[in-house]
4 protein chains.
Amino acid sequence: MTTEFKVSNPDYARVVRESFAKQGLMATLGARIVALEPGSCVIEMPHAPGVSQQQGFFHGGAIGAIAEAATACAAYSLMPARAELLTVEYKLNLLRAAMPPTLRAEGRVLHAGKTLTACRADIHHWGANGLEPCALLQSTLMRVETVSRR
Amino acid sequence: MTTEFKVSNPDYARVVRESFAKQGLMATLGARIVALEPGSCVIEMPHAPGVSQQQGFFHGGAIGAIAEAATACAAYSLMPARAELLTVEYKLNLLRAAMPPTLRAEGRVLHAGKTLTACRADIHHWGANGLEPCALLQSTLMRVETVSRR
Amino acid sequence: MTTEFKVSNPDYARVVRESFAKQGLMATLGARIVALEPGSCVIEMPHAPGVSQQQGFFHGGAIGAIAEAATACAAYSLMPARAELLTVEYKLNLLRAAMPPTLRAEGRVLHAGKTLTACRADIHHWGANGLEPCALLQSTLMRVETVSRR
Amino acid sequence: MTTEFKVSNPDYARVVRESFAKQGLMATLGARIVALEPGSCVIEMPHAPGVSQQQGFFHGGAIGAIAEAATACAAYSLMPARAELLTVEYKLNLLRAAMPPTLRAEGRVLHAGKTLTACRADIHHWGANGLEPCALLQSTLMRVETVSRR
């Protein structure tokens, strides 16, 4: 189910990275964009006590946050210059305990409609046998023309 | 769809609060338990730049994290003394921009099966007209007898 | 999390019932509307071999179909006269085997935005102790001004 | 995110097809298995008034039903001889109107744990440009040792 997407804004990479940099939560989680292309984005997050659950693994809430962000950046990369994007909903399945040292979420657009964009993310950690899937996300984002700011 | 739940562990409040205190992500987000009863839990999170998205509202990832945690604590409150609980999946719908100063997630158990527990959370902020719904969560948790620890 | 909704179309009941009557799948499943108010709708489906899974219980696919329809009718009841409504996504949690003789899905609107409406449905069967919850649904619908018809 | 799965029951194809044949809802919808391998299953459903929504497109409830069934068959293909499988939850995103003449749901296992199996399905119709994605599903199934039957 691969598709090639047309870029509406040639300057998309700068716009997406600027938006990401303004998301305080991403800095809090230590998350960063490690790859960005039209319709896809990879975010990584290093393990730390501050993103953990009670047994020391990555917390499901942190996993959902970076996976959702990976799909939001993937969707945003296809938007025209002045559009804004809001997340409508996301759904995360946790497959196994997500282990140190690094979590990697690959988000990609599956369908970019006029108003709504549907995405998926695959989340991996580095297990005994290399990159191992540990979570799956599916999300919907909505394009909005103007979001009032302060 | 209300149900009254029987407590398996009379010491549940201590166990749930200890587990919550070990979740590094909750401290990172500034989240705290403000109410806890058998089968229900309320978590609040104050607004801060570190839990925000690009327009300054609460980030969807932070909203999902505390809402999922509220359902996990609600589910955990019904577990017997030595059981562990893992989140299987959660699904968040964002209804509107989630505004400062405080987000409140009320998690509750809808069905506690032998292996799986199904929960919902309602998430509110304080809007112009008082407490206003801004997100909805539905989640599944699985009881596991032994999770290996460090 | 109750809200009172304003009706945009005083003739909503006729419009919703006509739309329901045009949904061939609902007749196939033997589903019918048993209650309809602004922002809420109850659909019931009698048990039959044709809506069953391999052990003879109600099939999860049939449960999802009537629960989604209950939320769609609830959302549609709040729409102005010429609006159309499309389902964007739905999520079903199955709590236990859904037993004969009748399944009952209560759909209600939780938030009616300008473009998107967020809903939940509670699904019950008649168990040994009366009405018993057996599934939970959460859904999103989108208002569209014109859907081309044949 | 591809994985190769080991078959526990060499007779899996017969077992899966027998279970499918016992699901009355699948016959009602006119659904049939068109491909089956360890960890994956393709189900097709021809268009008919009885599986339609109010504009004559495939009904979202029918789409969810066959997509969920495709993942259930995919998961069941990996089970040992006497295991039973129950669907825990599924989540469907509808990308566009699903058009005649045929809907095709490809279900596959993403992770087969001891108790839970996580799956995805991609749903296509035949559009102007060939096979076109029209829906996405993510689901969880639970293995149970004994389900009492009539």
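## Interface between chains A and B

In this predicted model, 33 residues of chain B are in contact with 33 residues of chain A. On the side of chain B that touches chain A, the elements giving two or more residues are α2 (24-29), α3 (60-76) and β3 (84-94) of chain B, and the largest share, eight residues, comes from β3(B). Sorted by class, this side of chain B has 16 polar, eleven nonpolar and six charged residues.

## Relation of the two copies

Chain B can be laid on chain A by a turn of 180° and a shift of 0.0 Å along the axis, with an RMSD of 0.0 Å. The two copies are thus related as by a two-fold rotation axis. Among the residues of chain B, the one that comes closest to this rotation axis is B:K91, whose C-alpha lies at 2.1 Å.

The contacts agree with that picture, since 100% of the interface residues of chain B are also interface residues in chain A, so the copies meet through the same surface.

## Interface between chains A and C

Chain A also touches chain C, where seven residues of chain C are in contact with seven residues of chain A. On the side of chain C that touches chain A, β3 (84-94) and β6 (130-144) of chain C each supply at least two residues, and β3(C) gives the most, with three residues. By class, this side of chain C has three nonpolar, two polar and two charged residues.

## Strand β5 of chain D and its partners

In chain D, nine of the twelve residues of strand β5 (residues 116-127) are buried, so this strand is largely enclosed by the rest of the structure. One of its partners is strand β4 (residues 102-112) of chain D, which pairs with β5(D) in the antiparallel sense over nine bridges; in this pairing D:R108 stands opposite D:R120 in β5(D). The two strands β4(D) and β5(D) form a hairpin, with three residues between them.

Strand β6 (residues 130-144) of chain D likewise pairs with β5(D) in the antiparallel sense, here over twelve bridges. D:G127 stands opposite D:G130 in β6(D), and β5(D) and β6(D) form a hairpin with two residues between them.

Key. Residues are numbered from 1 along each chain as its sequence is written. Chains are lettered from A and ligands numbered from 1 in the order in which they are written. This is a predicted model: local features need pLDDT of at least 70, side-chain atom pairs count only at pLDDT 80 or more; totals for chains, interfaces and linings use all residues. Two residues are in contact if their C-beta atoms, placed from the backbone, lie within 7 Å. Helices (H or I, at least four residues) and strands (E, at least two) are DSSP runs, numbered from the N terminus. Ala, Val, Leu, Ile, Met, Phe, Trp, Tyr, Cys and Pro count as nonpolar, Asp, Glu, Lys and Arg as charged, and the others, Gly among them, as polar. Copies are superposed by least squares on the C-alpha atoms of residues with pLDDT of at least 70 in both. A residue is buried if 20 or more other C-beta atoms lie within 10 Å of its own, exposed if 12 or fewer, and partly exposed in between; C-beta atoms are placed from the backbone. Two strands pair if DSSP finds at least two bridges between them.
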